[in-house]
Protein chains: 2
Amino acid sequence: MRVLGAIEAGGTKFVCGIGHEDGSIIDRVSFPTTRPEETMAEVYRYFEGKNVEAIGIGSFGPIDPIPGSPTYGYVTTTPKPYWGQFNLVGAVRDKIDVPIGFDTDVNGAALGEYTWGAARGLDSCLYITVGTGIGAGAVVGGRLIHGLSHPEMGHIYVRRHPDDAFAGTCPYHGDCLEGLAAGPALGQRWQVPGAELGPDHPAWEIEAHYLAHALMSYVLILSPQKIVMGGGVMKQSHLFPLIRAKLQDLLKGYVQHASLTADIDSFVVPPGLGDNAGLAGAIGLAAMALAQE
Amino acid sequence: MRVLGAIEAGGTKFVCGIGHEDGSIIDRVSFPTTRPEETMAEVYRYFEGKNVEAIGIGSFGPIDPIPGSPTYGYVTTTPKPYWGQFNLVGAVRDKIDVPIGFDTDVNGAALGEYTWGAARGLDSCLYITVGTGIGAGAVVGGRLIHGLSHPEMGHIYVRRHPDDAFAGTCPYHGDCLEGLAAGPALGQRWQVPGAELGPDHPAWEIEAHYLAHALMSYVLILSPQKIVMGGGVMKQSHLFPLIRAKLQDLLKGYVQHASLTADIDSFVVPPGLGDNAGLAGAIGLAAMALAQE
């Protein structure tokens, strides 16, 4: 089997690995995301001698994933110091001359879950991560969503919970979904890290309200066959039944489909690949790049 | 050139026509939507002797557009009397044995605008109609969006305008987008039909607020390369600049793309095909069905 390389480029850490076209991961390393030249040196070191035939990169963003665009392959307007307008694909290609697949970390994870995980065998799915930030990617008709650029689903506005007066943490939008429901919002609203709030804390009912409102919009706009929810906040597994019940309540039976009624427990689910969704997704992006050569 | 048939199946009227694969429409008729057997008799009469090689149907909904589903081709849970669970594709096929394409009216219009209209040459677009109801369809990576079923983008929840206490008209969701911003909501809120409200009436600032909020969600979730706005309410062309300005205000520069900044006037636009978007889209669905045979 061919050896494929994977880079999960996160704002906090990079994970590099190698694997095969069946989604198996045979090796991995992880190191902190510092300055680009330093971080890329680690990337080069890892892949040296690995003889990968393609590399897939799932990256933090915003990025430019549109082939043919002058800034294709760049991390673009990120507020992360040193990384703004950094040509990530170009930096990899400088040293490793193989086909390179490039997309957002969440589009990568959606591809991983679609190919080998919870959405295997379906035609569409959505992957949302709720952690330090909120982002989502989606497969529609077997293809990752692009258009003007890539989706930024974490920044939609959602209706306020009536008991919540928290201002929101998003530097752009204040109280968009990410500003109200990502990990930092939980921590600031309750003055305690989310992981330390007990399952009966009122925080979770508010959290589920915002996430269910987001899922309502995703269902009505994209009609995905499955929604996979990952990220640090979703480790609170008691959130799943709360979100499912609220989503049903919001839909009010308008969309008639068993996935939204009797089978909702298998419609909104945790990642089938667990914490491997991102790295496996990058393997998927590598396989896709190889197939397109 | 081959002759293709088109059916724009609306809740108020049916439009039938014939045209060619270049999107040209060479004949059309229109008749009210009454009971299915009566309306279908008109459809049969129209196509008799026309020798169409395929038929495309863009239909009011909800419908089942998923090939292979037991109710594929049906108008499903519509509240419209007599039409619930009506097998529309089956009724056409009973009398006219040619390939049949079937989708929502708005997916059809999106296809028309993508193939021959305002979004020609692009890879993605969204078409939204604001009229008796609100619905939207979209092309992503050259394909119409399907998943569990078809999108129902008119029913997303949007944030309330601070000056608006109108309860909303949607029988399912009350104050969802359609409940707050479709034609009947305008009429009931102001006790005057929308078409009679002057361009300086405060109605339009509120209307633009809701439509811009919807576009914000569509942009962040789908990243379309163009948004085409049609339907009776959008005949009020003074709405376009209001909506564009509010959309920019909501995005707050987060998505960096010329289409959302300097070029917004050519990003949110009226239909390139005018009132023909729906019928041309049905021609497109017919051409697609023929290509897939």
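This is a predicted model: local features need pLDDT of at least 70, side-chain atom pairs count only at pLDDT 80 or more; totals for chains, interfaces and linings use all residues.
Local features were taken only at pLDDT of at least 70 and side-chain atom pairs only at pLDDT 80 or more, whereas totals for chains, interfaces and linings use all residues. Residues are numbered from 1 along each chain as its sequence is written, chains are lettered from A in the order in which they are written, and side-chain values use heavy atoms, with hydrogens and water left out.

The contact (heavy atoms within 4.5 Å) takes 46 residues from chain B and 45 residues from chain A. Of the interface residues of chain B, 98% are also interface residues in chain A, so the copies meet through the same surface. The two chains bury about 4,100 Å² between them, 64% of it on carbon and sulfur atoms; this buried area is the accessible area (1.4 Å probe) lost on being put together, summed over both parts.

Two salt bridges were found across the interface of chain B and chain A, a salt bridge being a side-chain nitrogen of Lys or Arg within 4 Å of a carboxyl oxygen of Asp or Glu. The side chains of D175(B) and R159(A) meet in a salt bridge with an N to O distance of 3.1 Å.
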